[in-house]
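Subject: Structure handover

Hello,

Here is the structure I promised to pass on. Please open it alongside this note. My findings follow below.

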Amino acid sequence: MKQLLILSGKGGTGKTTVASAMIRMSEAPACADCDVDAPNLHLVLGYGEDAERKDYFGLPKARIDKDLCTMCGICSDKCRFGAIDMGDRAEVNPYACEGCGLCKAMCPSDAIEMLPSVAGDLMLYSDTERGIFSTARLRMGNGTTGLLVTEVKKQMKKAAGNAPFAIIDGSPGIGCPVIASITGVHTVLVVAEPSLSGISDMERVLDTADRLGPRTAVCVNRSDTNPAMTERIRSLCSGRGVPYLGEIPYDPKAVDAVNRGLTLADVECPAGEAVRTIFGKIVKLMEGGEGV
Amino acid sequence: MKVAVLSGKGGTGKTMLSVNLAAASGPSTYVDCDVEEPNGHLFFKPDESSEETVSVLVPRADRNECDGCMACVRFCRYHALAYSLDRLTVFDDMCHSCGGCAEICPRKAITEHPREVGVVRTGRSGDVSVYTGTMNVGEAAGLPVIRRLLEMTALSYDENIFIDCPPGSSCSVMECIKDADFCVLVAEPTIFGAHNLEMVSELVRVFGRPYGVVLNKVIENERDPSEEYCLDNGLPILGRIPFDIGLGRICSEAGIASRENVVFERMFREIYEKMTEMVSR
Amino acid sequence: MKIIVPVEGASGISEISGSLGRAPYYLFYDTEVGVATYLENPVADSPSGAGVGAAQTITDAGADVLLTLRCGDRAYEVLREAGIKVFLAPSGDAGSGIEAYLQGRLSELTDFHEGHHHGAV
């Protein structure tokens, strides 16, 4: 399965808008939303509550049995994450606990247990004519996002069987979830924003992708809001040898479409046309090389 | 007053708002905790006077002392340790620096050593002290850099501290808001914006912090799903920042609107005053 | 010689697992005794570092050879350290994979994917 991953570095550049349009125009047999911190793709693809749902377990969390606890305070002293408060009784802050288990190992009265903890929800939509859609949502305050991203991709691949092609919406940033989303994909398309911040973030995400080996390409969204910055991105790409696939103009119709739960492929508008052209180039780029 | 500025999704204008609030509220401290993609320094262009690397501790075993009992390998839930033949291998980037392996080693053969994961730069821009945390490319988690930033700025003498949080509602965002006096949620007028506003408002309510919403990129007479969410759920609205070509241009060039234009200065100043009023209540 | 293969099930003809770290079981085959046994993978559901955990299990079991579809760079580091050879298995059932290895039809795995912190496998 050849996978196309849409990333941006900076948030809010229009990653999901571009991904959803490409999913519609390609009739992708499989797609996934790996932005598990703030998943939005389902909103514009029109998926409801009828997903097959699974709990995602993160690292376990400590729990102190107050009947056995003698309030010696060793666990609290040893915890590097400051997760145990010694008030009227010793209590674990589940949001701070990273599940290392040192408190349990050190407790002289055997009062601490490590309990499984649900860190997120995995969702799979598979009984639709549209193909497979895999997504997840991390519960707040959790940090183990990399594995959840991997699970989203795994679930998609398993359900999609021999589908030749998949489109994945990634998450902002360059950390753990982004690295996990890049692993194993054929091409990364970076949707850049023509601003100083956007350029800085685009370079950091390209650096991250380069360490992991997929092909990369860049397009600019809302390119006409700052033509000089757009030009800078184009020349940066040519300097790095990254294919520059084109520009998407700012288009009020695009915002309106998304707010009505439609993708750019569902409405006639300049931004939609631009995405179609860029998508054509991406397909050529991906067909040009060997598969994954 | 310590103010955390956050938003569920990226690109809603979190940095733009934090930077302008800091610039419009008199002597203040601006802390860029979006350590994966720090951008506040691009706006402030501070004269960066000092730089400090951020390190975490990772374990190393003394081969003469280690007898291969593997207690540490069995202990480590992150599987950052492995033992084969007569050698302990440590995978540094999988280590959470809990210190457990060193603590439980029966022969005290493990010691901990610093490993660099990022950098904190400090400098000034006008009457604003600017703290920027940058996570090294290829690192998985920015939390150690964020913790260091918050430690450093906890000692600030400035009356106001503005914390520019990372996007999302993960543990690193929690770290940023847990000592804040007030949380500002920035939302854009799309269904994405409204959905993420819902997620992030849940988070601030868990922490019981006073909070308010700033609606950004507002277009007059157009539907704003984020505003609808606020009105339907009783979220206090601090202010509305219009979708404005001029403001957009200043921001894309990383300019500070409240320093360049009195109209914008007044707008950010009003948002700041509304917050102070809510905190004192 | 002791051969180990990550598999999806613990009985009969099991399919070779697509993941070294998250395979539910390991088939352990001793050519001298001619008997296959199954080891449960204790780290199959671990949110972090399953590849390294799996490599530790394989090392502790005293295997000489691992047949697998994929192997992360860190797991490989552990296996190499322990002197275990890693061969690229054909997808399908484990029995055919072992047979292919014994007939000298498999080659050593040379492509180790990048694993990382917090769970990509």
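Two strands pair if DSSP finds at least two bridges between them. In chain C, strand E1 (residues 2-7) and strand E4 (residues 65-68) pair in the parallel sense over two bridges. Ile3(C) stands opposite Val65(C) in E4(C). Bear in mind that this is a predicted model.

The sheet in chain C comes next. It is open, has five strands and runs in the order E3-E2-E1-E4-E5, with mixed pairing. Strand E3 (35-40) and strand E5 (85-88) of chain C are the edge strands, and each pairs on one side only. On average, neighbouring strands are turned by 25° against each other, direction ignored. Helix H3 (residues 94-102) of chain C lies across E1, strand E2 (25-30), E4 and E5 of chain C. H3 runs at about 145° to E1(C).

Now the interface of chains A and B. Chain A gives 58 residues to the contact and chain B gives 55 residues. The buried area is about 4700 Å², with 56% from carbon and sulfur atoms. In chain A, Arg80(A), Met140(A) and Asn259(A) lose the most area to chain B, together 14% of what that side buries.

Five salt bridges cross this interface. One joins Arg137(A) and Glu202(B), with the closest N and O atoms 3.9 Å apart. On the side of chain A that touches chain B, H7(A) gives the largest share, eight residues. The residues of that side divide into 25 nonpolar, 22 polar and 11 charged.

Best wishes

Definitions and conventions:
Residues are numbered from 1 along each chain as its sequence is written. Chains are lettered from A and ligands numbered from 1 in the order in which they are written. This is a predicted model: local features need pLDDT of at least 70, side-chain atom pairs count only at pLDDT 80 or more; totals for chains, interfaces and linings use all residues. Side-chain values use heavy atoms; hydrogens and water are left out. Helices (H or I, at least four residues) and strands (E, at least two) are DSSP runs, numbered from the N terminus. Axes are lines fitted to C-alpha atoms, for helices over the stretch in contact, and angles run from 0 to 180 degrees between N-to-C directions. Contact means heavy atoms within 4.5 Å. Buried area is the accessible area (1.4 Å probe) that two parts lose on being put together, summed over both. A salt bridge is a side-chain nitrogen of Lys or Arg within 4 Å of a carboxyl oxygen of Asp or Glu. Ala, Val, Leu, Ile, Met, Phe, Trp, Tyr, Cys and Pro count as nonpolar, Asp, Glu, Lys and Arg as charged, and the others, Gly among them, as polar.
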